[in-house]
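Please keep the structure in view while reading the points below.

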Amino acid sequence: MADERDPQVSRRYRGLGAQEPPRALDEAILAASRRATDAPPAPLVPPAGRRRWYFPLAAAAVIMLSVAVTWHMQMEERPDPESAMLMRAPHPAQELGREEKQADESRRDAAARPKRELPPAAPAARDAAPAGRALEAPSASMLAKQLAEEPPEKVLERIAELRRLGRHEEADRMLEAFRMRYPEYKLPDSVLKK
Amino acid sequence: MDGADEELMLAYRDGDARAFEALYGRHRVRLYRFVLRSVKERGLAEELYQDVWMRVIEARRRYAPKARFTTWLYSIAHNRLVDHWRRKGLSLVDVDSAEVEGNNPDPQRQVQARQDLQRFASALEALPPAQREAFLMHEEAGMSVEEIAGATGMAVEAAKSRLRYAVAKLRKAVDDG
């Protein structure tokens with residue numbers, strides 16, 4: 001430690017006196033230090049006065065909002081019965097027997113896939129997927145939308161369905177988009193084989 | 001209660017109120033004089049002194065011994081006082097109440113000693129705030145030049161220069177007596 005002291009200056013400085021803080025001040029500071037160790041950590045926004053009622057109310061509002069949003073999202077994902085019926089209805093240009101055969105094949109494929117690769121889809125989705133929207137040729141924006149909205153298992157089902165129908169170009173396009181979104185996902189043979 | 005200042009502060013951070021009492025006992029007089037000789041009024045000095053300790057209490061949860069506790073304590077005091085140094089003059093002790101020359105019975109010498117102290121007090125008061133602060137930290141808290149630089153946020157060379165100027169001016173006041 002570099003000492004810059006001048007002994008004579010120090011002596012004269014000491015001559016100015018040795019004042020001490022008043023006892024009352026000591027007591028006040030020590031009392032505050034004890035109170036601080038007794039008190040729990042202060043909340044980020046300490047409630048005070050009339051704002052006390054704010055916090056339970058705000059917490060309840062947040063919980064209700066979360067429940068409402070979750071419920072709304074679930075309702076949007078589930079197709080309403082009318083449109084599900086429409087999707088299941090046979091297309092005039094398609095033969096009934098052929099469609100049933102496709103649906104059976106689709107269910108067989110789904111059952112044969114290893115579970116960790118493709119967990120079984122919800123029954124409503126399984127019924128709705130093969131016949132209707134899955135067979136439409138998706139545009140690039142539709143592809144992106146489908147990938148964002150649907151679980152990966154369902155998208156793979158669509159790709160497999162396109163392969164079975166011989167629509168490999170569309171299947172390739174969808175597969176490419178799928179790979180970009182889920183690069184780590186293990187792909188079953190049914191979506192790769194032409 | 002034994003232990004280094006830093007250990008005591010860590011113990012206080014963890015809820016040991018007695019550690020703070022020990023720490024307070026070690027630093028109360030020097031910090032009080034540091035504040036008292038830096039502001040104009042005694043009442044204000046007491047208010048600021050209390051405020052510095054309150055800040056220590058409030059900051060205990062964030063405390064981590066990165067430097068000596070003394071450096072940390074005086075950096076808090078520095079931050080609290082710096083505005084006052086800019087606006088106001090220095091409050092020195094009441095020289096009339098200071099004990100002069102060991103109760104020398106010679107009235108003439110007593111008067112002379114009181115004049116010497118008054119001259120020294122005036123010289124201290126006349127120092128630029130940064131020089132006075134450096135001197136008080138060095139003299140009262142026993143802080144090194146590096147520690148003064150750390151507490152006040154100035155470069156080591158600047159702290160050294162300010163301290164030297166302060167000591168030189170005060171030495172002149174002593175010699176003139």
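Two residues are taken to be in contact if their C-beta atoms, placed from the backbone, lie within 7 Å. On that basis, in this predicted model, 26 residues of chain A are in contact with 34 residues of chain B.

**The side of chain B that touches chain A**

- The elements of chain B that each give two or more residues to the side touching chain A are helix H2 (17-36), helix H3 (42-58), helix H5 (107-126), helix H6 (129-140) and helix H8 (156-176).
- H2(B) provides the largest share of this side, namely nine residues.
- Sorted by class, the side of chain B that touches chain A consists of 21 nonpolar, nine charged and four polar residues.

**One helix pair across the two chains**

- Two packed helices are described by the angle between their axes and by the distance between those axes.
- Helix H1 (residues 7-14) of chain A packs against H8(B) at an angle of about 75°, and the two axes are 9 Å apart.
- Because angles of 65 to 115 degrees count as roughly perpendicular, H1(A) is described as roughly perpendicular to H8(B).
- From H1(A), the residues that make this contact are A:Gln8, A:Val9 and A:Arg12, while H8(B) contributes B:Val167, B:Leu170, B:Arg171 and B:Val174.
- The residues of the contact between H1(A) and H8(B) comprise four nonpolar, two charged and one polar.

**Nonpolar cores**

- In soluble globular proteins, nonpolar side chains tend to be buried together.
- The largest nonpolar core in the model has 47 residues, and those with the most contacts inside it are B:Leu31, B:Val35, B:Ala77, B:Met137, B:Ile148 and B:Leu163.
- H2(B), with nine residues, gives the most to this core.
- When residues up to four places away in sequence are not counted, B:Val35 touches B:Ala45, B:Leu48, B:Tyr49, B:Val52, B:Ala77 and B:Leu81.
- A second, separate core has nine residues, and A:Val155, A:Leu156, A:Phe178 and A:Val191 are among them.

**Chain A as a whole**

- Chain A contains ten helices and zero strands, and its pattern read along the sequence is α-α-α-α-α-α-α-α-α-α.
- Of the 194 residues in chain A, 15% count as buried.
- Among the contacts in chain A between residues at least 6 apart in sequence, 76% join residues that are at least 24 apart.

How values were computed. Residues numbered from 1 in each chain as written. Chains lettered and ligands numbered in written order. Predicted model: local features only at pLDDT ≥ 70, side-chain atom pairs only at ≥ 80, totals over all residues. Helix = DSSP H or I, 4+ residues; strand = E, 2+ residues; numbered from the N terminus. Nonpolar A, V, L, I, M, F, W, Y, C, P; charged D, E, K, R; others polar. Axes fitted to C-alpha atoms, helices over the stretch in contact; angles between N-to-C directions. Parallel < 35°, antiparallel > 145°, perpendicular 65-115°, else oblique. Core = buried A, V, L, I, M, F, W, Y, C linked by C-beta atoms within 7 Å. Buried ≥ 20, exposed ≤ 12 C-beta atoms within 10 Å, placed from the backbone.
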